[in-house]
Amino acid sequence: MKKALFVVLLLSCLWMTSCTTYSFMGRQVNVQGRNIDMEEQMAGVVVDYSRMVTATSEYQLTKRDAIAEAEYKCIQSSKIDVVVDPMYQVEYNPFKIKMRYKATIVGFAGKYEQRPNKLDNTKQYSTEEIEKYKLLTDPNFPQYYYRTDAEGDNYFFNSPGDHPQPVKGSSVVIKNPNPKKAAKPVKNYDYNKAIQLRNGGCGLMAAGVVMALPIGLSCLTAKESGYRTVTTQEYKYNWVKGKYQWETSSHQEYYEEPNMAAVNAGWAFIGLGLASFVASIPMIAVGADRAKKAQKADVSLNVGGNGLGVKVTF
């Protein structure tokens, strides 16, 4: 018995070590910006819309892996560089043990071709053609290009020569370098309103804490349980009919899982609680500051020849 168990374990280890996994990656049209060499290089994609290419992957662990394998197979089998305007069909098989996704790709055949860079493109135009193009597209081109001064025909790009300098006049304007700004009027705050604003902020903060902690957390931990019917099928030999056939059996199974409705409500309460908590902070700060300024009012009693008066200074 021990020898048989040892042989089974040895074969299992050999089977696990002999498994090979592959990861596939398809080409992309865009090229990351980086310096290849000293010269600018450009490439284009030639699309053959009369040629449709397709490929199907094997069952893979994830949807992304299945799509990547389908792209790889399509490029390799069709002898192309890129799949243009691809469409995917992803198949999900729940009866598979592990590999449940299979993808099919359909698109047009694309080939890369080398194209001339911007400097090579300008070689096909003469100076006269470039001059005519600038005359048609740039209204400021003639006045700077056809100059008659001693320097000849010059055209200044992005330099101070493009802009006329302001003419210096003989008038003198005296300005006060440091004008005095008008003093801002002192605001008088109502103490009762300031206290109401502060208390409102405190109440909003308390409500936010209650919504986030007791209500929100309790909803997140809510669960639902019960019994459900589980149906299974087995392929057995029927001695009465003398052949193999599928037999269906059902049994009750106890389950316990999170209550998704309560969980969603819990996240909603937590979000509202955090929003209320954040909104209450400026209300408390502003209300306390205004109440403090309102309490600094100086009340003094003045007695003079005209009678008795009260002076209030903020």
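Modeller: From the N terminus on, the elements run α-β-α-β-β-α-α-α-α-β-β-α-β-β. Helices (H or I, at least four residues) and strands (E, at least two) are DSSP runs, numbered from the N terminus. This is a predicted model, in which local features need pLDDT of at least 70 and side-chain atom pairs count only at pLDDT 80 or more, while totals for chains, interfaces and linings use all residues. Residues are numbered from 1 along each chain as its sequence is written, and side-chain values use heavy atoms, with hydrogens and water left out.

Biologist: How many helices and strands does the protein have?

Modeller: There are 7 helices and 7 strands.

Biologist: And what is the mean pLDDT?

Modeller: The mean is 75, and 65% of the residues reach 70 or more. The term pLDDT stands for the predictor's confidence in each residue, from 0 to 100.

Biologist: Which elements have the lowest and the highest mean pLDDT?

Modeller: Strand β6 (residues 298-304) has the lowest, at 47, and helix α2 (residues 63-78) has the highest, at 94.

Biologist: Where does pLDDT stay under 50?

Modeller: One such stretch is residues 17-22, for which the model has 0 contacts beyond four places in sequence. A contact here means heavy atoms within 4.5 Å. Over residues 161-175 the pLDDT is also below 50, and this stretch has 7 contacts in the model beyond near neighbours in sequence.

Biologist: Let us turn to the sheet. In what order do its strands lie?

Modeller: The open sheet consists of 3 strands in the order β1-β3-β2, and the pairing is antiparallel. Two strands pair if DSSP finds at least two bridges between them. The edge strands are β1 (42-56) and β2 (82-92), each of which pairs on one side only. On average, neighbouring strands of this sheet are turned by 20° against each other, direction ignored.

Biologist: How many bridges join β1 to β3?

Modeller: Strand β1 is joined to β3 (residues 101-115) by 12 bridges. As an example, Ala43 has Gln114 in β3 as its bridge partner.

Biologist: Which strands does α2 touch?

Modeller: Helix α2 packs on the sheet and touches β1, β2 and β3. The direction of α2 makes about 45° with that of β3. For such values, axes are lines fitted to C-alpha atoms, for helices over the stretch in contact, and angles run from 0 to 180 degrees between N-to-C directions.

Biologist: Is Cys74 buried or exposed?

Modeller: Cys74 is buried, with a relative accessible area of 0%. Buried means under 20% relative accessible area, exposed over 50%, and partly exposed in between, with a 1.4 Å probe and protein chains only. Cys202 counts as partly exposed, at 37% relative accessibility.

Biologist: How many disulfides are there?

Modeller: The count comes to 0 disulfides, a disulfide being a pair of cysteine sulfur atoms within 2.5 Å.

Biologist: Which residue in the loop between α2 and β2 deserves a look?

Modeller: Lys79 is found in that loop. Lys79 has a positive phi of about 60° although it is not a glycine, and at 61% relative accessibility Lys79 counts as exposed. Asp85, in strand β2, also has a positive phi, of about 50°, and is not a glycine either. Asp85 is exposed, with a relative accessible area of 55%.

Biologist: Moving on to the helices, where does Pro214 lie?

Modeller: Pro214 lies in helix α6 (residues 191-220) and is partly exposed, at 49% relative accessibility. Pro214 and Ile270 are 56 residues apart in sequence and 9.6 Å apart in space, C-alpha to C-alpha.

Biologist: What about Ala285?

Modeller: Ala285 belongs to helix α7 (residues 260-295) and is partly exposed, with a relative accessible area of 47%. Between Ala285 and Gly201 there are 8.6 Å in space, C-alpha to C-alpha, and the two are 84 residues apart in sequence.

Biologist: Finally, how much of the protein is buried?

Modeller: Of its 314 residues, 18% count as buried.
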